[in-house]
Amino acid sequence: MAVLRSIGRRLWQRLLASLPALFGVAVFTFLLMRVLPGDPAVFFASGPNAGQEEIEQIRREMGLDKPIPVQLVNYLADLAQGNLGRSMSTGQPVAADLERRLPASLELTLCALILALSLALPLGILAALRPNSLIDHGVRLLCTLGVCMPTFVSGLLLIFAFYYLLGWAPDPTGRLDVFVSTPPEVTGFLLVDAALVGDWEAWIAAASQLWLPAATMALFVLAPLARMTRASMLAVLTSDFIRTGEALGLSRRRVVLVYALRNALLPVITIMGIVFSTMLGANVLVEKVFSWPGVASYALDALLASDYAPVQGFVLLMAMIFVMVNLVIDVLYGLADPRVTVG
Amino acid sequence: MHLTRRDLFATTAGAALAAAGTPALAQSRAETLRQVTGNAINTLDLTMPGSTRESFGLAMHTYDRLVAFGRKPVPGGFVFDHTNIRGELAESFTVSPDGLKITLKLRRNAKFHDGSPVTAADVKWSLDRHVTANSLAKSQLQISSYTSPDQFAVLDPMTIEVRLPKPDRRALMNLCVPYCIIINSTLAKKHATADDPWAQNWMKENTAGSGAYTVESFKPGEQVVLRRNDNWTQGVDGKLPYFRRIISQTVPEAATRANLIERGDADLSIDLLASDIPALQQRGRVKVFGTPIANGFTHIAMNTRMAPFDNVKVRQAIAAALPYEDMFQASIFGRGARLYGGDWTELPPTADFPIPMPQHTNLAKAKQLLTEAGFPNGFNTTFALSASQAAANEPVGALLKEALAKIGITVEIQKLPDAQFNTFQAEKRMPMFIDGATAWLPETDYYLKLYFTRDQRWNFSAFNNTEVNELTEAAQYELDQAKYAEMCRKMVGILGREVPEIFLWQPNHEAVMTPKIEGYTYQYYRQIDFRDLYRS
């Protein structure tokens, strides 16, 4: 109970402490967008005959006709009420767009991370147990291949092989086959929503859309996870307590999986947090290649159009997710190693 | 044999249904058209500032207009024909001999999607909205002398009269354009507020039309699903469209779009990469309909008010230095119509525009013109292109840089993000750049007025020629075809002499579809007209 209470207090303190950082991010992004040389009003007023009058009107609609300090104050006031503004590219409120698209990105990223971990941990452990063996070299090769190939290349290759040539994967167009009806939205995670209502046809459809992009992303992040597991396992396996355990006649399996792995996990968890946050923002190429309706491709489109509100909303969202992920990582630390208290 | 998961679903479901005696599902795929596009529809009301071209395409299906352009056959498909106008919501229309009145009689059986009849009151409200509310329709209607609600009169519940201050060549044509939607005024008024008397906020997310299709689902940036309106009678000969459902899906990656169509999972796309088209055609698994964008042109604009391009000889020198044929092949693989190499000098042979202009590659002449202009040793300048058009325009830039270096001009190529490119273009801050242009009403005087007169955004070269200014003002109201043609030839002659822009080509509009899709029409708003399509 006391442990939980201390975790709760710690969480609360950390959340409070992150507020100034979030404020800074909001202001900084706001200013950064205004420094960009493109004028979104001109960009969006590009219909035939759209003249100065239309440009002015869009400027008014976006609040760009006021001086920048006034715009900033208005923006912060809107933010305080949870209003992130309206996207010109989709015509929808940014908050609604992000709410609709975030589950898509999260579902993809989480699945990719789980896939990557389920491969990286065993591979890393195997490589550490037999350093410089054939297995170790094989793992090294796989990791190098994964990390040196940009995701859009591996994504397009996988599509070419599994969709175009073999026909094993469905067409890479979003989260669900267009001819399958969408399960009622509860969490926004299609796998969860479909399972909740027992719509297994939709579940299979969603899963089959998911595996190819998830594999693409997993391949890319395999390297940091597997290499970190290997390195930290190697360090732990040579330490005194392992030798003691072996000397005491504990089984190899118990020594490796319980004593060594648990101690080796701390750095892996750290890397995992970083990898997850990076994946969420940086998977824009995967989202583009697979027409995945996620937040990253949304933000990129908005950035190219100098559509201020969605970009600001996206950066703020990412900052918040970073804060949350770091919190979760801290809690995981505590579980992996009770000696650690991060305050 | 490839067996995809969808085939599996289709066969098992088909088998199950066939057993029950209804082969409906297999049919429904045949009667569904799946379009894949790299762009997105951002509003259901296309007259809202900021609406995308895809939104125009959508509104052509959800709303009807009073009148519509016809189409004419070309090899492999059809092209719009603005000289052949038919009634859409109007059963018949007459233009008075003096050109000051257009009387339109509405179809008796035309109904809005909610079942209420289309009346002259709805037409009046819609046209009033277009000339009054702050929308894109307002400036569009101004180009044909529509400025005030007083010009639209209800004669009886089924007849509307449109009055003009001057006979205007574009008056009838302009009622055909995408913006001139006829709205269910009873429905829209229910959602109007004191601040928003024209229900503009409501119409962004809802439709109130009578068009061939209704919106079944609308996820901006992902997909839009349209369902056929089975009560639609406004088509040619009252025929219903073939497809019951249209799925328009956003697929950002062009290579993926091409894969989808080659595999037969999607039916149609009009925005594939120009460089992929020859290969697709060669493999022969898809049908490609390519036709030059008849109502547009790709051009290199030079700022006629910025030194050294304010000197006509400099512009002529550059026009003489460019390797047109190499550019045509490198940029669009020769898929389009050339707008250079015209064999006329003073006046063009016809009143049409765009036509091949008298621009020929002649380095000696270029060098001489440059010397006469006072730049025997050339000068330094920049050449800008927008990032989204880089695939086609970067090769042009490279060839231009190489060619101009031969006459001493050093060119720095600037590839700019689109928002920045558009801003610089509107502010006339770029000395030289490449871009495309289209006009909804492909009338010579309209091109000239839109792209070569006044201080406004689309006057790319900031051109100001007294004669062109006067001629565009007069030609619009000239009903005598012979006199009009004379004016047009004069204006195009001036463009050939003054070279405010170097005309390059009309690139192809390439529609790539599965082999069984028929009836494709190239429309002037460069979107798909689903109403004409069918599966053979």
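User: Happy to look at this one with you! What percentage of the 536 residues in chain B do buried residues make up?

Analyst: This is a predicted model, and the figure is computed from its atoms. Buried here means under 20% relative accessible area. Among the 536 residues of chain B, the buried share comes to 59%.

User: What radius of gyration does chain B have, and does it agree or disagree with a compact globule?

Analyst: The C-alpha trace of chain B spans about 85 × 65 × 45 Å along its principal axes. For 536 residues, a compact globule would have a radius of gyration near 24 Å. The value for chain B agrees with that, at 25 Å.

User: How many helices and strands does chain B have, and what share of its contacts with a separation of 6 or more comes from residues 24 or more positions apart?

Analyst: The secondary structure of chain B comes to 18 helices and 21 strands. Looking at contacts with a separation of 6 or more in chain B, the part from residues 24 or more positions apart is 70%.

User: Where is D45(B) found, and is D45(B) buried or exposed?

Analyst: D45(B) sits in the loop between β1 (32-37) and α3 (53-62) of chain B. Its side chain and that of T47(B) are joined by a polar contact of 2.8 Å. Beyond its neighbours within four places in sequence, D45(B) touches residues including R129(B), Q200(B) and K204(B). Because its relative accessibility is 0%, D45(B) counts as buried.

User: Now the helix pair: how many residues apart are K124(B) and D128(B) in helix α4 of chain B?

Analyst: The side chains of K124(B) and D128(B) meet in a salt bridge, 3.2 Å from N to O. D128(B) has 11% relative accessibility, so it counts as buried. Both residues belong to helix α4 (residues 120-132) of chain B and are separated by about one helical turn, because they are 4 residues apart.

User: Which residue forms a salt bridge with R335(B), and how many residues apart in sequence are the parts that the pair ties together?

Analyst: R335(B) pairs with E510(B), with the closest N and O atoms 2.5 Å apart. R335(B) is in the loop between α12 (324-332) and β14 (336-338) of chain B, whereas E510(B) is in strand β18 (residues 501-513) of chain B. Both R335(B) and E510(B) are buried.

User: On to the two chains: about how much area do chain A and chain B bury between them?

Analyst: The contact involves 52 residues of chain A and 54 residues of chain B. Of the area buried between the two chains, 53% is on carbon and sulfur atoms. The area itself is about 4500 Å².

User: How many salt bridges does the rule find across the interface of chain A and chain B?

Analyst: One pairing joins E222(B) and R100(A), at 2.4 Å from N to O. Another joins D171(A) and R34(B), whose closest N and O atoms are 3.0 Å apart. That pair crosses from the loop between α7 and α8 (190-197) of chain A to strand β1 of chain B. For the interface of chain A and chain B, the rule finds 2 salt bridges.

User: Which element gives the largest share of the side of chain A that touches chain B?

Analyst: The rule also finds 12 residue pairs in polar contact across this interface. Elements that give two or more residues to this side of chain A include α5 (94-129) and α9 (200-237). The residues there divide into 25 nonpolar, 16 polar and 11 charged. The largest share, 6 residues, comes from α3(A).

Note on methods
Residues numbered from 1 in each chain as written. Chains lettered and ligands numbered in written order. Predicted model: local features only at pLDDT ≥ 70, side-chain atom pairs only at ≥ 80, totals over all residues. Heavy atoms only, no water. Contact = heavy atoms within 4.5 Å. Buried area = accessible area lost by both parts, 1.4 Å probe. Salt bridge = Lys/Arg side-chain N within 4 Å of Asp/Glu carboxyl O. Polar contact = N/O pair within 3.5 Å; in protein donor to acceptor, adjacent residues only side chain to side chain. Nonpolar A, V, L, I, M, F, W, Y, C, P; charged D, E, K, R; others polar. Buried < 20%, exposed > 50% of the residue type's maximum accessible area, 1.4 Å probe, protein only. Rg over C-alpha atoms; globule rule 2.2 N^0.38 Å.
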